[in-house]
Amino acid sequence: MAAILALPAHGQAAPAPESVFPGKVRLVLPRVIYAVANVETNIYFDNVVLAPNSADYVFDVKCEKGSILADRWTYKPAADEVGSFPLTLEVRDAANAVIARSQSMLRVAPATAGAGVPTTLLVVGDSLTEASIYTQHLLELAASANGPALQLIGSRGPDNSPAHGPNRHEGYSGWSAQAFVTFNGPLARTGQFKGRETGSPFVYMEGDKLRLDFAKYCAQFNQGKTPDFVTFALGTNDIFYGTDENIDKLIDKILGYFDNLVSMVHDFDRSTKIGVLLVIPPSTSQDGFQHYRGPQRQTRWQYRRDQHRLIEHMIERYGSREQDNIFLIPTYMDLDAAHNFVTRPSPWNAENPDESARVIDGIHPAAAGYRQMGDMIYCWMKASLAEKSEQVRSALHSDVGRLALRTKNR
């Protein structure tokens, strides 16, 4: 027999909702999680808490949709699934006590949202973008049934070359948010990359002063039109050498430059939807940091602490800005940090030649990891296109209604 829920008597206050708190594991979820048919959306538990070993805890997701696996909550909507569904994630300790709780809203876009609609996207980022893999995946997703007619904007393409095909972007290895705001050089807007000689594609000289000018950029690369979407995938280089002592001050500086970039776009046209990618975590293995030695040394755990702190600040800063056309794209929670990084066979040690697969780069994922990043951007775009379609339909219905009323009153 199903349990019967007692309703409050007339005039009696409803019970208070369960409290939300990050707890000692610093659980962090975005306000909105996006999903669409035939694209997998995940919450990898290790990515949303800060703990040396997340396996020490039990994770429980309460949601009408999705399934709980050992390492994640996962959901791939069917073609007919659509709507918004509350999601609660609880973390429990060995005594089964809830030590952290967070809530989000799962937003499932219609499979047909924006189907065939001409859509432009500018992707801005560091080496994760320069790799040109998640941008290619976006083109492939859009080319599938019910995808938008997607056009990517940018001066650069695969192989660090000037853009010469549909896969284009503004991705620069080693760059920070500050670089896009301040760098100026002779090779700016050429698609070439030679360190600081490249110059930010958005920085222009006006008289004897440098300034961000998105209108000029769009005149050169998008026929003077504002893009429908812009994404910023930055932060990895900005925080790489952060420490517990300086990370908050460092992040304040970083987000100041993020604000500059957001303002740059919206000063030209506030209708452009800006997606801020929540920085992906490193590989779960310290092996991926074996090459960061000497003055450049960094450990996986310290970088993971820095990255988690940046996520907390980003959510606090931009997490409730949808009305300003600023959105958070939860790429950090969807990446399989245990399996989707590049590995290479390596002997256990000098005396044991048996080989194991060791991660060789703890920051840059394998192709599968990049595609997971693309999945999250695509889900966000489909949700935004669905909202736009609904607004158009509502406006049309209103116009029809007003016309009918005027006709009736004549």
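Modeller: Helices and strands here are DSSP runs, numbered from the N terminus. The model is a predicted one.

Biologist: How many helices and strands does the protein chain have?

Modeller: The protein chain contains ten helices and 19 strands. One of the helices is H6, which covers residues 236–239 and includes Thr-236.

Biologist: Is Thr-236 buried or exposed, and why?

Modeller: A residue is called buried when its relative accessible area is under 20%. Thr-236 has 7% relative accessibility, so Thr-236 counts as buried. Across the protein chain, 50% of the 410 residues are buried.

Biologist: Which residues does Thr-236 touch, leaving aside those up to four places away in sequence?

Modeller: Thr-236 touches Asp-126, Leu-128, Val-279, Tyr-303 and Ile-363. For the protein chain as a whole, take the contacts between residues at least 6 apart in sequence: 71% of them join residues at least 24 apart.

Biologist: Now the cavities. How many of 30 Å³ or more does a search of the whole structure find?

Modeller: A cavity is a space where a probe fits but cannot get out. The search finds three of 30 Å³ or more. The largest cavity has a volume of about 60 Å³. Its lining includes Thr-236, along with Asp-126, Leu-128 and Val-279. By type, the lining of the largest cavity has eight nonpolar residues, two polar and one charged.

Biologist: What lines the second largest cavity?

Modeller: Among its lining residues are Pro-30, Arg-31, Tyr-318 and Glu-322. Strand E1 (32–36) and strand E17 (326–329) are the elements that each give two or more residues to this lining. The volume of the second largest cavity is about 50 Å³, and its lining divides into six nonpolar, one polar and two charged residues.

Methods: Residues numbered from 1 in each chain as written. Predicted model: local features only at pLDDT ≥ 70, side-chain atom pairs only at ≥ 80, totals over all residues. Heavy atoms only, no water. Helix = DSSP H or I, 4+ residues; strand = E, 2+ residues; numbered from the N terminus. Buried < 20%, exposed > 50% of the residue type's maximum accessible area, 1.4 Å probe, protein only. Contact = heavy atoms within 4.5 Å. 1 Å grid on protein atoms, 1.4 Å probe; cavity = no way out; pocket = protein on both sides within 12 Å on 5 of 7 lines; lining within 4 Å. Points joined across faces, edges and corners; volume = space filled by probe spheres on them. Nonpolar A, V, L, I, M, F, W, Y, C, P; charged D, E, K, R; others polar.
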